[in-house]
Amino acid sequence: MTVLRLVLGDQLDRNISSLTDLDRDADVVLMVEVTDEATYVPHHPKKIALILSAMRHFAAALEEEGARVDYVRLDGRGNTGSFTGEVDRAVKRHKPDRVVVTEPGEWRVEQDMKAWEEALGVPVEIRPDDRFLCSRAEFAAWAEGRKMFRMEHFYREMRKRTGILMDGDEPEGGAWNFDKENRKPLPKGLTAPEFDGVEPDAITSEVLALVAERFADNFGDLDGFRFPVTREQAFDLLDRFVAQGLERFGDYQDAMALGEPFLFHSLISPALNIGLLRPREVIERVEAAYRDGGAPLNAAEGYIRQILGWREYVRGIYWHAMPDYAQTNAFGADRPLPALYWTGETDMRCLAEVVGQTRREAYAHHIQRLMVTGCFALLIGADPAEVNEWYLAVYADAFEWVQLPNTHGMVLHADGGMLGSKPYAASGKYIDRMSDYCGNCRFDVKKTDGENACPFNALYWRFLDRHAERLRDNRRMSMIYRTWDRFDDDRRAAILKQADTFLETLS
Ligand code: FAD
Ligand code: SF4
């Protein structure tokens with residue numbers, strides 16, 4: 001009895017549900033590099049290289065343990081370029097009794113998979129992805145009957161359910177959340193740990209050559225590729241973070257600094273999302289560091305909340321609300337995404353810095369994505385579909401289940417508030433407080449109108465003014481509307497004109 005076991009490029013975990021009962025003598029593990037997945041958005045070349053190299057390393061490790069692996073390369077003869085086409089060919093090659101696969105991370109791919117049984121004439125078993133701490137069914141049960149979803153409620157539930165950072169029935173340290181301690185700008189003289197990364201080996205070098213040839217026109221630099229591509233390398237990166245970054249992660253997780261792309265962040269999201277690490281083992285390592293005295297509670301809790309809270313929560317929302325979720329557009333935003341997102345060419349130092357860093361590293365940390373490129377897209381009313389495509393393309397860790405709720409929901413509030421209670425709209429003041437960008441910018445962050453006024457400021461008021469009907473009654477925004485109401489008519493008109501003039505130059 002032969003089972004064909006398909007392993008996708010973001011399922012590189014030896015204990016993934018599709019492989020748990022692998023019979024090395026009888027079964028075939030199928031892994032396929034397909035053009036459809038490499039091109040449905042113009043992915044950053046480093047992201048494509050990461051996935052292909054990690055897949056090839058994973059296949060080699062399986063073969064080393066004696067498994068039969070049928071590996072189809074991107075440039076392999078007869079490659080049809082799609083999952084469906086490649087599973088079809090493999091079924092004809094191996095004549096399996098059934099196909100086994102773990103559920104994918106994208107709604108679109110799951111729709112294809114559900115059609116395979118009928119199309120290919122062979123039983124197809126789609127197993128749950130048990131790498132997450134909250135299954136799709138558990139999230140659905142949590143969501144049932146709730147009028148609104150809030151991450152903080154979900155997170156507390158997850159803490160209680162898993163016992164992570166708990167002291168009996170109470171949260172460790174007497175509070176669920178230490179965020180108030182986690183909003184410090186970077187003090188002068190404090191430097192971040194060096195990130196050397198991993199030297200490409202022969203497998204990675206071969207992949208880099210392929211990507212350089214096939215995807216040369218995509219946004220993003222391939223030079224300086226240094227992501228971990230094996231489980232061991234991913235653990236080394238995690239260890240480096242726990243030893244050198246974690247202690248300061250809490251304090252400076254929202255800070256931004258010129259020329260410092262990584263600060264005290266862990267950089268593990270690409271490894272986590274393709275399966276090289278499991279979320280539970282990352283959390284356990286961080287909790288152990290706290291309990292051994294290696295990290296303060298505000299750092300450990302702040303970090304664990306990102307993984308046990310936000311990561312699980314956004315996945316839950318994605319599967320709960322797709323496919324309608326992606327079609328929502330609560331603010332009716334329809335402005336084409338400005339070219340500067342792809343060129344980095346702008347005098348706005350904050351945007352130039354984050355887009356430039358994204359081009360080089362396929363990485364930006366959370367606050368850069370949320371409060372610089374994200375907030376700007378929100379304020380100018382950029383079309384959610386174009387914004388979503390940009391985020392899905394340019395970051396090495398971008399897979400739709402995690403990217404879409406973050407972009408569409410958290411940043412653009414296009415879901416009308418399903419994921420978060422209010423949009424993260426802010427003036428230039430926030431960026432000035434949390435970074436050194438403004439001090440190095442041609443625009444004056446203290447000015448709202450007139451020559452050289454920071455564009456974020458007038459755009460912020462314009463956004464509030466345009467969406468007053470929807471946002472004015474939001475308890476968390478009423479104070480800012482009171483300030484807007486206190487401006488006299490001339491002042492309001494001058495600010496709105498400033499914003500409109502800027503938007504004209506932008507298009
Ligand atoms: P750290 O700051 O060290 O955080 C630790 C881990 O927590 C991350 O590795 C990640 O797994 C998890 N995490 C933190 N915040 C979130 C979050 N909001 N949602 C889910 N997981 C989170 N993350 C992705 O993995 N893929 C994406 O495509 C993605 N797109 C984003 C788009 C926008 C607009 C925003 C605002 C955030 C997005 N995030 C995404 C979340 C977050 O920015 C990244 O997970 C983080 O920057 C990765 O870097 P790190 O590993 O150094 O994270
Ligand atoms: Fe960005 Fe405005 Fe600061 Fe310039 S002044 S870096 S545009 S926030």
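A cavity is a set of grid points where a 1.4 Å probe fits but cannot get out. The exercises below apply this and related ideas to a predicted model.

**Exercise 1. Find how many cavities of 30 Å³ or more the structure holds, and describe the largest cavity.**

Solution.
- Step 1: count. The search of the whole structure returns six cavities of 30 Å³ or more.
- Step 2: take the volume. The largest cavity holds about 390 Å³ of space.
- Step 3: list the lining. It is made of 24 residues, and those nearest the centre are Gly9, Glu37, Ile51, Phe83 and Phe399.
- Step 4: assign elements. α1 (35-39), α2 and α4 (107-120) each give two or more residues to this lining. With five residues, α2 has the largest share.
- Step 5: sort by class. The lining of the largest cavity has 15 nonpolar, three polar and six charged residues.

**Exercise 2. Describe the second largest pocket: what is its volume, and which residues lie closest to its centre?**

Solution.
- Step 1: take the volume. About 370 Å³ of space lies in this pocket.
- Step 2: list the lining. There are 19 lining residues, and Leu12, Arg14, Phe58, Ala61 and Arg231 are the closest to the centre.
- Step 3: assign elements. Two or more lining residues come from each of α2 (45-64) and α8 (231-244). The top contributor is α2, with six residues.
- Step 4: sort by class. The lining of the second largest pocket splits into eight nonpolar, four polar and seven charged residues.

**Exercise 3. Decide whether Glu172 is buried or exposed, then place its contacts.**

Solution.
- Step 1: locate the residue. Glu172 sits in the loop between β7 (170-171) and α7 (202-214).
- Step 2: apply the cut-off. Buried means under 20% relative accessible area. Glu172 has 12% relative accessibility, so Glu172 counts as buried.
- Step 3: list the neighbours. Leaving out residues up to four places away in sequence, Glu172 touches Arg159, Leu165, Met166, Asp167, Phe178, Tyr290, Arg291 and Leu297.
- Step 4: look for a polar contact. The side chains of Glu172 and Arg291 are joined by one of 3.3 Å.

**Exercise 4. Work out which residues surround ligand 2, and how the shell divides by class.**

Solution.
- Step 1: list the shell. Ligand 2 is surrounded by Met348, Cys350, Gly428, Ile431, Tyr437, Cys438, Cys441, Phe443, Val445, Cys454 and Phe456.
- Step 2: sort by class. Ten residues of the shell around ligand 2 are nonpolar, one is polar and none is charged.
- Step 3: identify the polar member. Gly counts as polar, and Gly428 is in the shell.

Technical notes:
Residues are numbered from 1 along each chain as its sequence is written. Chains are lettered from A and ligands numbered from 1 in the order in which they are written. This is a predicted model: local features need pLDDT of at least 70, side-chain atom pairs count only at pLDDT 80 or more; totals for chains, interfaces and linings use all residues. Side-chain values use heavy atoms; hydrogens and water are left out. A residue is near a molecule or strand if one of its heavy atoms lies within 4 Å of it. Helices (H or I, at least four residues) and strands (E, at least two) are DSSP runs, numbered from the N terminus. Buried means under 20% relative accessible area, exposed over 50%, partly exposed in between (1.4 Å probe, protein chains only). A polar contact is a pair of N or O atoms within 3.5 Å; within protein, one must be able to donate a hydrogen and the other to accept it, and residues adjacent in sequence count only if both atoms are side-chain atoms. Contact means heavy atoms within 4.5 Å. On a 1 Å grid over the protein atoms alone, a cavity is a set of points where a 1.4 Å probe fits but cannot get out, and a pocket is an open set with protein on both sides within 12 Å along at least five of seven lines; lining residues have an atom within 4 Å of a point. Grid points are joined across faces, edges and corners, and a volume is the space filled by probe spheres set on the points.
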